[in-house]
Amino acid sequence: MDDRLFRNAMGSFATGVTVITTEVAEEVHGMTANAFMSISLNPKLVAISIGENARMHQHIKDANQFAINILSSDQQNVSKQFSGQLNGESEITFATYKGLPILEDALAVVTCKLYSEYVVGDHTVFIGHVTGVKLEQKDPLLFSQGKYRELKELEE
Ligand code: FAD
């Protein structure tokens, strides 16, 4: 099967956008990710999938914890910053919540302790045990077919 066809088909599945943040040796790291899902209510578990070549892959193992910052519709540039799509590292201000660095203007934040991890092909699925949740009244940033988008409510 053609890789491009596979990527295009998977990329047509619309998602929100998150930035995964963690801290190792007093240094804050962030990475844009849309492979995020809620897994279990009791216990509260979530999953993210990180490519084996991403630096965040080792950072999560070292820190043993991470935060998922769900981006709001006005945070397109934040997504670009943490996926290496902007030239130069812009100054990002982090707040601290449950002992983890988080993005201040996110729509929601989920903090986790690393619960388990599974190597799946060229990615690792990290399961997080939720330690805290913050939620604001904002619209989400969406990503589909390689483009950032906004939510539009359909008429009934
Ligand atoms: P780095 O290359 O070290 O960091 C990524 C970028 O973040 C760099 O530009 C760096 O300057 C910046 N950055 C890091 N820390 C800071 C800081 N403290 N202050 C300011 N800037 C900082 N990849 C996956 O594996 N899984 C996914 O689910 C996934 N989803 C994606 C969804 C979207 C919409 C996009 C655009 C990309 C996605 N990616 C995903 C790709 C991933 O974001 C990039 O490959 C990323 O560059 C890998 O980052 P890294 O961990 O190697 O870290």
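## The open sheet

Begin with the seven strands that form an open sheet, in the order β3-β2-β6-β9-β10-β5-β4, with antiparallel pairing. The edges are formed by β3 (27-33) and β4 (36-40), each of which pairs on one side only. On average, neighbouring strands of this sheet are turned by 35° against each other, direction ignored. The model on display is a predicted one. As a reminder for reading such a sheet, strands pair through backbone hydrogen bonds, either parallel or antiparallel.

## Strand β2 and its two partners

Select β2 next, which spans residues 18-24. Is this strand mostly covered or mostly open? The strand β2 is mostly covered, since five of its seven residues are buried.

Now display the neighbours of β2. Seven bridges join β2 to β3, and the two strands run antiparallel. On the other pairing, β2 and β6 are joined by four bridges, again in the antiparallel sense.

Move along to the turn of the hairpin. β2 and β3 have two residues between them, and Ala 25 takes a positive phi near 50° there. Select Glu 26 as well, which is placed in the loop between β2 and β3. Glu 26 has a positive phi of about 65° although it is not a glycine. Is Glu 26 buried or exposed? Glu 26 counts as exposed because its relative accessibility is 75%, and the cut-off for exposed is over 50%.

Proceed to β4 and to strand β5 (residues 45-51), which pair in the antiparallel sense over four bridges. Within this pairing, Met 37 stands opposite Ala 47 in β5.

The loop between β4 and β5 is the place of Pro 43. Display the backbone here: the peptide bond that joins Asn 42 and Pro 43 is cis, with omega of about 5°.

## Helix α2 across the strands

Select helix α2 (residues 55-63). Which strands does this helix lie across? Helix α2 lies across β2, β3, β5, β6 (65-70), β9 (108-120) and β10 (123-135), and runs at about 55° to β2.

With the helix still shown, display the side chains of Lys 61 and Glu 117. These two meet in a salt bridge, at 2.7 Å from N to O. Glu 117 lies in strand β9 and Lys 61 in helix α2, so the pair ties together parts that are 56 residues apart in sequence. The structure holds one salt bridge. In general, side chains of opposite charge can pair when their charged atoms come close. As for accessibility, Glu 117 counts as partly exposed at 33% relative accessibility, and Lys 61 counts as partly exposed at 32%.

## The hairpin of β7 and β8

Turn to strand β7 (residues 94-97) and its partner β8, which pair in the antiparallel sense over four bridges. In this pairing, Thr 96 has Pro 101 in β8 as its bridge partner. The two strands form a hairpin with two residues between them, and Lys 98 in the turn has a positive phi of about 55°.

Show the side chains of β8 (residues 100-103). Leu 100 and Ile 102 point one way, Pro 101 and Leu 103 point the other way, and all are buried.

## The loop between β11 and β12

Select Gln 145, which is placed in the loop between β11 (141-144) and β12 (147-150). Gln 145 has a positive phi of about 55° although it is not a glycine. With a relative accessible area of 54%, Gln 145 is exposed.

Which residues form a nonpolar patch on the surface with Leu 5? The patch consists of Met 1, Leu 5, Phe 6 and Met 10, with about 510 Å² of accessible area together. Leu 5 itself counts as exposed, because its relative accessibility is 52%.

How values were computed:
Residues are numbered from 1 along each chain as its sequence is written. This is a predicted model: local features need pLDDT of at least 70, side-chain atom pairs count only at pLDDT 80 or more; totals for chains, interfaces and linings use all residues. Side-chain values use heavy atoms; hydrogens and water are left out. Patches are made of residues with over 30% relative accessible area and no salt bridge: like charges are joined within 9 Å, nonpolar side chains (Val, Leu, Ile, Met, Phe, Trp, Tyr) within 5 Å. Accessible areas come from the Shrake-Rupley method with a 1.4 Å probe; for residues, only the protein chains shown count as cover. A salt bridge is a side-chain nitrogen of Lys or Arg within 4 Å of a carboxyl oxygen of Asp or Glu. Buried means under 20% relative accessible area, exposed over 50%, partly exposed in between (1.4 Å probe, protein chains only). Two strands pair if DSSP finds at least two bridges between them. Axes are lines fitted to C-alpha atoms, for helices over the stretch in contact, and angles run from 0 to 180 degrees between N-to-C directions. Contact means heavy atoms within 4.5 Å.
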